[in-house]
Amino acid sequence: MSKDMNEKVSIISAVYQVKPYLPQFLDSILAQSFRDWKLYLVDDGSTDGGSAVCDDYAQRDRRIMVIHQKNQGLALARQHALDVCTGEYIYFADSDDWLEPNLLQRMMETMEQQQSDVVIIDYYCNTGDKQTCCHTHGKHIENLSTAEALLRIYCDRIPCYMWTYMMKRNIPQERIYCDIFEDHSTILKWMSHAKRITLLHEPLYHYRQRPGSILHSTGSLKINTTLFRVVLDRYDFLRRNHLLEEHQKKVDAYTIHVFLKLCKDISRSNVSFHEKMKVVHDIRRAIKAFPWYSPVSLGTKYYLRQCIMRVSPKAFIRVIDATSLFSKPIPKLKRKLRRK
């Protein structure tokens, strides 16, 4: 890469209290078979010695740029790098994960061969010594229209992690604003600007699950409250921009489904009844803005939840808290609670 030329791919990574994992992450970047990249490392006020590791690697390779800042959170760290990077394509990576050596190459090849605005990959989930391949089912390569992709992203049938996406520089237009579920709150909006989105069903990224992350250290009530606001914001974004109107019933039913799951989690959380009621009441108000949906749309279990919630949120909390009758696995979008 010539010194007077911009990089082809800008890699953006925020760094905060992940020193033990940084060498593996940075080595996996340096090992990439595709060489025309620049890594923007935003040190978000690390106090564990990670800053020095970043500077050491930057001295080894001029393609690594380190930005030191006071702790402002993941969203502002990512946004800072996004504001200054110059690549034709953007790729985000978390600094406690690692990449397969051919990740950039395969994503770039697919981007160019399919003439895509966005390429989305599969990934490995690594927990201790255990590794699981996480992927969406389908053809090896799938090309989706904007509407197809938005519906699948909204309904969590396509992962909503930033590190599964590579995109053209003009795609990320809305600013990153949320430190919890920042991927979830932002990706849908960004994808509304893409015309051709390609799914590459190859696991090329290693997603490390470990204790100590933002989501692990934040109370469940705050997490559920934030997720409620994020989902509501996503829904309002679709309505304001007249997106997925042909799929409105599916979008509405899925939104109610998520809201009811949140109310279930809140009802069983270790906080006072008063605190539960405050959040559940807000979610109930949002649910009541939707029309009634039948068991065909919601399923019998969630139809019954809907009925109880609409009649009495107090009864909903007491019933859910007292019985496992309505128990349901946590949805895909809340796998982040196990993050890092």
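Ring and charge contacts

Guide: Arg 60 lies over the face of Tyr 57, at 4.0 Å from the ring centre. A charge is taken to sit over a ring if NZ of Lys or CZ of Arg is within 6 Å of the ring centre and within 35 degrees of the ring normal. Arg 305 gives another such contact, with its charged end over the ring of Tyr 302, 4.3 Å from the centre. The model is predicted, with pLDDT of at least 70 required for local features and 80 or more for side-chain atom pairs, while totals for chains, interfaces and linings use all residues. Residues are numbered from 1 along each chain as its sequence is written, and side-chain values use heavy atoms, leaving out hydrogens and water.

Ring pairs come next. Rings of Phe, Tyr and Trp (its six-membered ring) pair if their centres lie within 6.5 Å; planes under 30 degrees apart are stacked, over 60 edge-to-face, and the rest tilted. This rule gives 11 aromatic pairs. In one of them, the ring centres of Tyr 123 and Tyr 161 are 5.8 Å apart and the planes stand at 85°, so the arrangement is edge-to-face. Tyr 123 belongs to strand E6 (residues 118–127), and Tyr 161 to the loop between helix H5 (146–154) and strand E9 (165–168), so the contact ties together parts 38 residues apart in sequence. Helices (H or I, at least four residues) and strands (E, at least two) are DSSP runs, numbered from the N terminus. Tyr 123 is buried at a relative accessible area of 5%, and Tyr 161 is buried at 7%. Here buried means under 20% relative accessible area, exposed over 50%, and partly exposed in between (1.4 Å probe, protein chains only).

Tyr 154 and Tyr 254 also form an edge-to-face pair, 6.1 Å centre to centre with 65° between the planes. Because Tyr 154 lies in helix H5 and Tyr 254 in helix H8 (residues 248–267), this pair ties together parts 100 residues apart in sequence. Tyr 154 is buried, with a relative accessible area of 2%, and Tyr 254 is buried too, at 18%. Ring pairs also link Tyr 123, Tyr 161, Trp 163, Tyr 205 and Tyr 207 into a cluster.

Side chains of opposite charge can pair when their charged atoms come close. The structure holds 16 salt bridges, each a side-chain nitrogen of Lys or Arg within 4 Å of a carboxyl oxygen of Asp or Glu. Lys 8 and Glu 88 form one of them, at 3.1 Å from N to O. Lys 8 lies in the segment before strand E1 (9–15) and Glu 88 in the loop between helix H3 (74–84) and strand E4 (89–92), so parts 80 residues apart in sequence are tied together. Lys 8 is partly exposed at 23% relative accessibility, as is Glu 88 at 40%.

Within helix H4 (residues 103–113), Glu 109 and Arg 106 lie three residues apart, about one turn of the helix. Their closest N and O atoms are 2.8 Å apart, in a salt bridge. Glu 109 is partly exposed at 27%, whereas Arg 106 is buried at 17%.

Lys 168 bridges to Asp 117, with closest N and O atoms 3.4 Å apart. Lys 168 is partly exposed at 29%, and Asp 117 is buried at 12%. Salt bridges with shared partners join Arg 78, Asp 94, Glu 182 and Asp 183 into one network.
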